[in-house]
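Subject: Structure handover

Hi,

Here is the structure I promised to pass on. Please open it alongside these notes.

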Amino acid sequence: MIVITAPTGNIGSHLLSLLLESAPAHEELRVVVRDPARLSDAVRDRVEVITGSHGDAEVAGRAFEGADAVFWLVPPDASLTPEDAYCGFTRPAAKALVAHGVGHVVGVSALGRGTPVSHRAGLVTASLAMDDLIAGTGVAYRALACPSFFENLLEDAAAIRETGVFTDAVDADHKAPRAAVADIAAVAAGLLLNRSWSGIDSVPVLGPQDLSPNDLARIMTEQLGRPVRYEQQPLDELYTDLLGHRIDEAFARAVVDMKRAKSEGLDAGVTRTPATGSPTTFQQWCARTLEPAVLTEGTRHAR
């Protein structure tokens, strides 16, 4: 049995689809979801549903009973401190993993372990601490070491449509790995279905190439058929904006610290190889995902 947490999120929904398509008949699937109505009828007919938060001890206990493998993803909660959002959320599940003898866990984490800035990288530092917590339970653990997602740009879809501008806090020419969530889900599916691995390790998912914000702007301009440019947001302005959205002060500071660490090489600690790269290019992702989000049917340019 494989347990999938956060099955309606960006990564989890892709993963669930892959497992429904490719899992052998003897492999049961169980999902943990706050709102089962967010699952389609077709999905609910094929999986066992545990309703509730996987950060709750009672829910995690029910979810992990009889499980051989767990896909673990902490949902973002900006109302909490980083420690509470990651390790605090995970502690009840860590106890349940031990209590029910779960053998394998695949978790979504971040790049940066072993780099000089990993101890002051805000949310990433908290995510790496979560990995250590899970690893300490004795399960075989694979942490998916992820860079920034292409999907983060969907938050700027309206601004790109209306003003042709997207923002971030890194230098315009700073190149870094970026990946599509579908590729991350594919790596997770492979690990969950073939549980011949053991021990503790990280599995980087780096995308096919490093890209700067200026690279992204150029490719979006080409793909969308309209000018797109990048504006760098100062870190102090980002912090003020986050507080304006009533985000926990410590969480807001952790976002800023993560952005600063990324500018200082947080994501540069792993070499891209055939094993650490992933296939979806930014051009492909723009065509499949960003363009429908930005352009209305009547304004899409002819290809």
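Predicted model: local features only at pLDDT ≥ 70, side-chain atom pairs only at ≥ 80, totals over all residues.

Numbering starts from 1 along each chain as its sequence is written, and side-chain values use heavy atoms, with hydrogens and water left out.

Sheet

Start with the open sheet. Its seven strands run in the order β3-β2-β1-β4-β5-β6-β10, with parallel pairing. Strands are DSSP runs of E, at least two residues; helices are runs of H or I, at least four; both are numbered from the N terminus. Two strands pair if DSSP finds at least two bridges between them. β3 (48-51) and β10 (200-204) are the edge strands, each pairing on one side only. From one strand to the next, the twist averages 20°.

Two pairings in detail. β1 (residues 2-5) and β2 (residues 29-33) run parallel, joined by four bridges. Threonine 5 sits opposite valine 32 of β2. β5 and β6 are also parallel, over seven bridges. There, alanine 110 has cysteine 146 in β6 as its bridge partner.

β6 is largely enclosed by the rest of the structure, because seven of its seven residues are buried. Buried means under 20% relative accessible area, exposed over 50%, partly exposed in between (1.4 Å probe, protein chains only). Ala140, Arg142, Leu144 and Cys146 are buried on one side, and Tyr141, Ala143 and Ala145 on the other.

Helices

α5 lies across β4 (69-72), β5, β6 (140-146) and β10, at about 165° to β5. Axes are lines fitted to C-alpha atoms, for helices over the stretch in contact; angles run from 0 to 180 degrees between N-to-C directions.

The axes of α1 (residues 10-22) and α7 (residues 181-193) come within 8 Å and cross at roughly 45°. The contact (heavy atoms within 4.5 Å) involves residues including His14 and Leu18 of α1 and Ala185 and Ala189 of α7.

Serine 118

Where is serine 118 found? It is in the loop between β5 (104-110) and α5 (123-135). Serine 118 counts as buried, because its relative accessibility is 17%. Its side chain reaches the backbone oxygen of threonine 115 at 3.2 Å. Leaving out residues up to four places away in sequence, serine 118 touches Gly112, Arg113, Thr125, Leu128 and Leu266.

Best wishes

Conventions
Polar contact = N/O pair within 3.5 Å; in protein donor to acceptor, adjacent residues only side chain to side chain.
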